[in-house]
Amino acid sequence: GDKGKTGLFGGLRVSKSSPRIHAYGTVDELNSVLGVVLAEQTIPKMIREHLEIVQRALFIVGADLATPITSNAKIQRIEKQHITEIEGWINAVEPTLPLLQRFILPSGSRAGSLLHLARTVCRRAERFCVELTENEETNTDVNIYLNRLSDYLFLAARLVNREEKVEETQV
């Protein structure tokens, strides 16, 4: 690794500046941000349980991204069921929140603000995954998973702010 290369699952070596490394490195960063979110004592039990599931799934995402589709390495990959799970959470949370008529600032309580930060890191990971998909064959369910996850993190931030009685700032 000292010469700017790193190994993928299956043995292929690539530059540490490759889109694949940016993608799974940002997923790792997202997982760490979620760890900071979970250190907040005010996170509601349901959101906490969801985020713990997400953290485990992000390890699957990372392994998926670190393993080219053409590799013979046997790993678990993100599947439709992971996406469906998040969509269920979105469908449960969204109707409980006030309808947005305008944009809101990514702010609020400490926990809510950290969830907004996690959302933006998730969006960056998604952008890197899209770039990777444009250049190599990948598991496109990863892109969909990250897209849905960022939507969920937005709703979770709003829910946490509401629970902590912090008003959203519209722009």
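Predicted model: local features only at pLDDT ≥ 70, side-chain atom pairs only at ≥ 80, totals over all residues.
Tutor: Before we look at any residue, take one definition with you: a residue counts as buried when its relative accessible area is under 20%, and as exposed when that area is over 50%.

Student: In which helix does Ser150 lie, and which residues does Ser150 touch?

Tutor: Ser150 lies in helix 5. If we leave out residues up to four places away in sequence, Ser150 touches Arg119, Cys122, Arg123 and Glu126.

Student: Which residues are buried in helix 1, and what covers them?

Tutor: The buried residues of helix 1 include Ile21, Ala23, Leu30, Asn31 and Leu38. Among the elements that cover the buried residues of helix 1 are strand 1, strand 2, helix 2, helix 4 and helix 5.

Student: How can I check the span of helix 1 against its number of residues?

Tutor: You work at 1.5 Å a residue, so the 20 residues of helix 1 should span 28 Å, and this agrees with its end C-alpha atoms, which are 29 Å apart.

Student: At what angle do helix 1 and helix 4 pack, and how far apart are their axes?

Tutor: An angle over 145 degrees counts as roughly antiparallel. Helix 1, residues 19-38, and helix 4, residues 110-135, pack at about 165°, with their axes 8 Å apart. The two helices are therefore roughly antiparallel to each other, and their crossing is left-handed.

Student: Which residues of helix 1 and helix 4 meet, and how do they divide by class?

Tutor: Among those that meet are Ala23, Val27, Leu30 and Leu34 in helix 1, and Leu114, Ala118, Val121 and Phe128 in helix 4. Sorted by class, the contact of helix 1 with helix 4 has 18 nonpolar, two polar and four charged residues.

Student: How do the axes of helix 2 and helix 3 cross?

Tutor: The axes of helix 2, residues 45-65, and helix 3, residues 80-93, come within 12 Å and cross at roughly 160°. That makes helix 2 roughly antiparallel to helix 3, and the crossing of this pair is left-handed. Their contact is made by Met46, His50, Ile53, Val54 and Ile60 of helix 2, together with His82, Glu85, Trp89 and Val93 of helix 3. By class, this contact has six nonpolar, two polar and one charged residues.

Notes. Residues numbered from 1 in each chain as written. Heavy atoms only, no water. Axes fitted to C-alpha atoms, helices over the stretch in contact; angles between N-to-C directions. Helix = DSSP H or I, 4+ residues; strand = E, 2+ residues; numbered from the N terminus. Parallel < 35°, antiparallel > 145°, perpendicular 65-115°, else oblique. Left-handed = near helix turned anticlockwise from the far one by under 90°. Contact = heavy atoms within 4.5 Å. Nonpolar A, V, L, I, M, F, W, Y, C, P; charged D, E, K, R; others polar. Expected span 1.5 Å × (residues − 1). Buried < 20%, exposed > 50% of the residue type's maximum accessible area, 1.4 Å probe, protein only.
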